[in-house]
Amino acid sequence: MFTISPRASSSLYTETSVTFVASGMSSTALFSSNPSSPSSPTGRLTMVGAGPGDPNLLTVAALHSISDPEALVISDRLVSQEILDLVKGEVRVANKSPGCADKAQNEIYTWCLGGLAEGKHVVRLKIGDPFVFGRGGEEVLKFRGMGVEPKVIPGVSAVFAAPLLGGIPVTHRGVANQVVMCTGYGREGTSPDLIKYHPDQTVVFVMAVGRLRELSRKLISMAGYPPDTPVAIVEQAGNPGQRTIRGNLVDIADKAERENVKPPSTIVVGDTHIYAEDMTDEMCSSAITISQEAFQMNVTKGKVYATIAAHIRAGFDKSFGRGWNCVVGRSFGAFVTHEIKTYMYFTVVPGVYILLWKA
Ligand SMILES: O=C(O)CCc1c2[nH]c(c1CC(=O)O)Cc1[nH]c(c(CC(=O)O)c1CCC(=O)O)Cc1[nH]c(c(CC(=O)O)c1CCC(=O)O)Cc1[nH]c(c(CCC(=O)O)c1CC(=O)O)C2
Ligand SMILES: C[S@@+](CC[C@H](N)C(=O)[O-])C[C@H]1O[C@@H](n2cnc3c(N)ncnc32)[C@H](O)[C@@H]1O
């Protein structure tokens with residue numbers, strides 16, 4: 001699970017934590033600069049992915065680690081209170097807010113090294129998956145430089161879990177066969193290069209709420225995205241305040257501002273959206289299957305959207321009782337009255353939208 005090299009030491013811990021803050025040097029350099037310190041930390045370190053927030057999305061291994069009564073848990077700020085409530089030992093939460101990450105990071109190393117020097121099982125608890133935009137790799141290198149080899153437990157990443165919890169598949173047969181994950185903020189606040197538009201691609205942005213307006217503008221003007229490309233923001237996925245704001249590249253920044261969207265939120269750009277749904281899971285998956293079938297059968301025969309709509313409606317009448325209506329097209333407005341749990345607005349083909357409801 002871990003190894004401790006003879007060169008790591010408790011005096012190293014003290015010196016390191018002080019030098020860290022003062023000099024801003026890389027820790028690897030600092031630790032290797034003191035290779036022959038006399039004593040060793042006797043603890044062990046497990047780096048654990050906490051998933052997006054819902055305790056039910058912890059892995060069994062993660063639950064074992066955080067509920068070890070002997071563990072000192074050093075947690076990131078975004079880990080949910082429900083998960084922290086499962087900690088049986090001591091817990092300390094780092095205040096790693098945007099703008100003060102480096103200070104908090106130094107405090108984290110100080111806490112971890114302190115626990116290790118006291119022979120504790122230190123659990124470094126990180127949001128989502130530790131190696132996905134989480135500095136996990138960086139931390140492993142630092143701990144290794146200190147002579148401690150952490151065991152790393154993967155977590156459910158918000159990159160995939162947040163879209164799913166918002167009802168959006170990141171890949172979908174016939175619609176999206178590629179997924180790109182991207183940060184809104186690069187190192188030291190830079191903006192990452194955007195990949196050119198590809199109709200079969202879903203792009204998932206994390207750490208991007210503060211950059212949403214600039215990002216949507218650049219996706220259109222620099223990366224060639226159609227302005228009506230669907231965008232959804234899933235805020236607080238897996239947490240009690242979860243909500244999804246939907247729009248397109250032109251209107252999403254205004255909607256986010258109006259709705260006061262805050263981090264942590266994951267932003268999904270691409271055509272795989274089920275925009276609005278008030279249907280059972282069974283109906284949702286049937287709607288997608290029947291619609292894909294309708295497009296495959298009718299588009300190849302050169303038939304128009306009305307024929308596709310008729311096919312979808314007939315499929316739903318047959319499977320879920322008569323009374324269904326369907327509209328298919330590239331651009332339309334609608335205002336419909338529907339029975340409870342019988343409404344869905346979605347797409348299975350880029351740029352073509354389907355409205356399905358039972359009156
Ligand atoms: O380089 C910097 O840290 C400053 C640039 C900056 C970043 N995020 C940012 C800012 C603005 C700011 O802090 O003012 C902005 C930032 N930092 C953060 C968030 C998420 C939030 O506050 O809800 C956000 C996004 C806020 C938003 O959606 O607008 C916090 C953050 N970033 C990060 C972490 C993970 C960690 O540090 O352990 C954490 C902490 C999580 C926690 O404590 O629970 C990681 C991070 N920040 C950043 C990156 C670089 C991405 C890349 O280049 O590939 C990375 C990924 C990495 O280092 O592996 C850059
Ligand atoms: C620093 S990154 C860490 C990502 C994390 N390691 C993972 O794999 O999920 C933080 C970003 O992850 C996303 N995120 C984390 N938890 C989230 C949640 N519960 N709901 C929505 N997005 C979340 C947000 O984009 C947030 O700004």
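1. Which backbone atom lies 2.6 Å from an oxygen atom of ligand 1? A backbone N or O atom of Glu 188 does. This is a polar contact, meaning a pair of N or O atoms within 3.5 Å; within protein, one must be able to donate a hydrogen and the other to accept it, and residues adjacent in sequence count only if both atoms are side-chain atoms.

2. On the source: this is a predicted model, in which local features need pLDDT of at least 70 and side-chain atom pairs count only at pLDDT 80 or more, while totals for chains, interfaces and linings use all residues. Residues are numbered from 1 along each chain as its sequence is written, chains are lettered from A and ligands numbered from 1 in the order in which they are written, and side-chain values use heavy atoms, with hydrogens and water left out.

3. The protein chain is assigned domain 1 (1-33), domain 2 (35-155), domain 3 (159-269) and domain 4 (275-358). These bounds come from an automatic or database domain assignment. Between the C-alpha centres of domain 2 and domain 4 there are 47 Å.

4. Ligand 1 has 22 residues around it, and Arg 77, Leu 78, Lys 96, Glu 188 and Gly 210 come nearest. A residue is near a molecule or strand if one of its heavy atoms lies within 4 Å of it. The shell holds nine nonpolar, six polar and seven charged residues. For these classes, Ala, Val, Leu, Ile, Met, Phe, Trp, Tyr, Cys and Pro count as nonpolar, Asp, Glu, Lys and Arg as charged, and the others, Gly among them, as polar. Ligand 1 lies between domain 2 and domain 3 because both give residues to its shell.

5. Two further contacts to ligand 1 can be checked. Arg 77 has a polar side-chain atom 2.8 Å from an oxygen atom of ligand 1, and Ala 208 has a backbone N or O atom 3.2 Å from an oxygen atom of ligand 1. On its own, ligand 1 has 1,100 Å² of accessible area, of which the protein covers 81%. Accessible areas come from the Shrake-Rupley method with a 1.4 Å probe; for residues, only the protein chains shown count as cover.

6. Around ligand 2 there are 17 residues, the closest being Val 132, Ser 157, Ala 158, Ala 237 and Ser 265. By class they are 10 nonpolar, six polar and one charged. Domain 2 and domain 3 both contribute to this shell, so ligand 2 lies between them.

7. Which atoms of ligand 2 are reached? A polar side-chain atom of Ser 157 lies 2.7 Å from an oxygen atom of ligand 2, and a backbone N or O atom of Ser 265 lies 2.6 Å from an oxygen atom of ligand 2. Thr 266 places a polar side-chain atom 2.8 Å from a nitrogen atom of ligand 2. The protein covers 93% of the 560 Å² of accessible area that ligand 2 has on its own.

8. Glu 70 sits in the loop between helix H3 (60-66) and strand S2 (71-75). Helices (H or I, at least four residues) and strands (E, at least two) are DSSP runs, numbered from the N terminus. Glu 70 is exposed, at 62% relative accessible area. Buried means under 20% relative accessible area, exposed over 50%, partly exposed in between (1.4 Å probe, protein chains only).

9. Ser 80, in the loop between S2 and helix H4 (81-84), is buried at 7%. A polar atom of its side chain lies 2.6 Å from the backbone oxygen of Gly 53.
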